[in-house]
Amino acid sequence: MVSEQKTVDVSFDSLLRIFTVPEGPDSTLTQIEEKLSQNLNQFLREHIVAEEKPLRHIEQDFSDSIIPEQPEFVSDHTQHLLDTLVSQSVHTSAPSFIGHMTSALPYFLMPLSKIMIALNQNLVKIETSKAFTPLERQVLGMLHRLIYSENDEFYSRWMHSANHSLGAFCSGGTIANITALWVARNNALKPDGDFNGVEKEGLFKAMKHYGYEGLAILVSERGHYSLKKAADVLGIGQEGLVPVKTDTNNRICPVALQEKIQELKAQKIKPFAVIGVAGTTETGNIDPLEAMAKVCELEACHFHVDAAWGGATLMSNNYRHLLAGIELADSVTIDAHKQLYIPMGAGMVLFKNPDAMASIEHHAQYILRKGSKDLGSHTLEGSRSGMAMLVYASMHIISRPGYELLIDQSIEKAKFFASLIEKQSDFELVSQPELCLLTYRYIPKSVRAALAKATPEKAQLLNELLNELTKFIQKRQRETGKSFVSRTRLNPEKWHKLNTLVFRVVLANPLTTNDILTKVLDEQRDIAKQAPNLMASIKHLSDEILAS
């Protein structure tokens, strides 16, 4: 039974109060603030329900399209949000929620976020951000130095230069990648003679001037889906995002990259950018960045590294060697809301050359004046919040050695889980972890033997049944609410590149223990028994294959 909510009459005095005076110490909102400050994870455990409610039922709570004519008391509406929204949200910070990039957050980000929201700075221009602008430039300089290791003189000269930029803060990896490729496209089709550049005359005239039949961006088969959006937005078309084959470890093949570039050039297609992936979204693998950089230098291609996942690994002196060659990139994407442990909505793109972003510079007399230090002149997004403040605070409070500990424990945890999976007779490790991501699936030993022996036709049938089982286990585990892993589709060389559904885990949460990982496997094993018909079909086909 839903209780009727109290309302209050509309008056200007009551409106003024919500802008100035909080409710009393016993109000629902005040109590929530205290609990969040005392123990964030306990609050979430108490208010997010374990059992999943069907989405169609949740939609009923949010089905009224009429803007209310009567205001509600703050505490009453807060209780409404607890009952309808918070209770049915995803417990992303739970130690057993190991399926996605989100993790537990440091407690200090809660009160600092309140300061950031209260200040309500707009980073598009100095007039609405003041101290936040040099702070954001410093954050970009710190991350730039982490990647490129330039000296003090470099950063003293360029970090706060009005006419230059070391990068851009943005809402995430998608915008960061689009920005990098936007810069690459404009630099590839820059002003030349009577031609005023693609940013002025457009793509059609640019192609005509340079004599190109098309443009291309090259990336491995494991490139992030955001790159298709970038190709679309930049007018290249999704077909202009050219996939390059990968090896058995999901890394791009440099020889295939070189061959593909030559093939495109023979068709008068300009390969203006190559993307190396430092931490693929599906498996966490890292492309051979040094070899790719050499190809890009030889072919005069912009070399961009999408390190949204793996970029934070540079914080660890023990593992930064995994990203060897990233310092050769023309641009790099890093997401702070992944392994820098910042709330959602914090991405960055860094450029090696402080002049690179001049190709996308925009000005307007009323807001972004030429020669000012307004950040909006070099960003795709206009109005932005001061999320850089949270990155700045975290890098000072946690520090590089602190991040090193967090990165190291996540990679070591992934190694432990991989080892644990390999010891099980009924699980198979599909991709070895390089960072903190890995993939695996449930497949009893006898079924594995049958799959290895099967003809291509029988292997296809058996693999499809196993895919159904993987889907069933992952979905049931999510619905049960005790733990969560995601799933994706790979084409393992071992299984003749059959389309294979696998479990995918991300072990970034420092609260996740080895004991929890053991229980995740135990739960999946138990869930498999809850599909007797499917298990019987798999056993029957396996027995038939082994007996033949």
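## Two crossing helices

Helix α15 (residues 399-422) and helix α18 (residues 514-528) have axes that come within 11 Å and cross at roughly 35°. Axes here are lines fitted to C-alpha atoms, for helices over the stretch in contact, with angles running from 0 to 180 degrees between N-to-C directions. Helices (H or I, at least four residues) and strands (E, at least two) are DSSP runs, numbered from the N terminus. The crossing of α15 and α18 is right-handed, a term used if the near helix is turned clockwise from the far one by less than a right angle.

On the α15 side, K413, F416, F417, L420 and I421 make the contact, and on the α18 side N514, L517, T518 and L521 do so; contact means heavy atoms within 4.5 Å. By class, this contact comprises six nonpolar, two polar and one charged residues. Ala, Val, Leu, Ile, Met, Phe, Trp, Tyr, Cys and Pro count as nonpolar, Asp, Glu, Lys and Arg as charged, and the others, Gly among them, as polar.

## Basis of the model

The model is predicted: local features need pLDDT of at least 70 and side-chain atom pairs count only at pLDDT 80 or more, while totals for chains, interfaces and linings use all residues. Residues are numbered from 1 along each chain as its sequence is written, and side-chain values use heavy atoms, with hydrogens and water left out.

## Helix α7

Helix α7 (residues 132-148) has 17 residues, which should span 24 Å at 1.5 Å a residue; its end C-alpha atoms are 24 Å apart, in agreement. The expected span is 1.5 Å times one less than the number of residues.

Of the 17 residues of α7, 13 are buried, so that the helix is mostly covered. Buried means under 20% relative accessible area, exposed over 50%, and partly exposed in between (1.4 Å probe, protein chains only). S149 follows α7 and has a positive phi, near 55°.

## The annotated lysine

An unreviewed UniProt entry lists K338 as "modified residue: N6-(pyridoxal phosphate)lysine"; such annotations may be inferred rather than shown by experiment. K338 is placed in the loop between β6 (331-335) and β7 (347-351).

K338 counts as buried because its relative accessibility is 8%. Leaving aside neighbours within four places in sequence, K338 is in contact with M101, A308 and W309.

## Positive phi in two loops

K268, in the loop between α12 (254-266) and β4 (269-277), has a positive phi of about 60° although it is not a glycine. With 52% relative accessibility, K268 counts as exposed.

H496 lies in the loop between β10 (486-490) and β11 (500-506). Its phi, near 55°, is positive in a residue other than glycine, and H496 is exposed at a relative accessible area of 62%.
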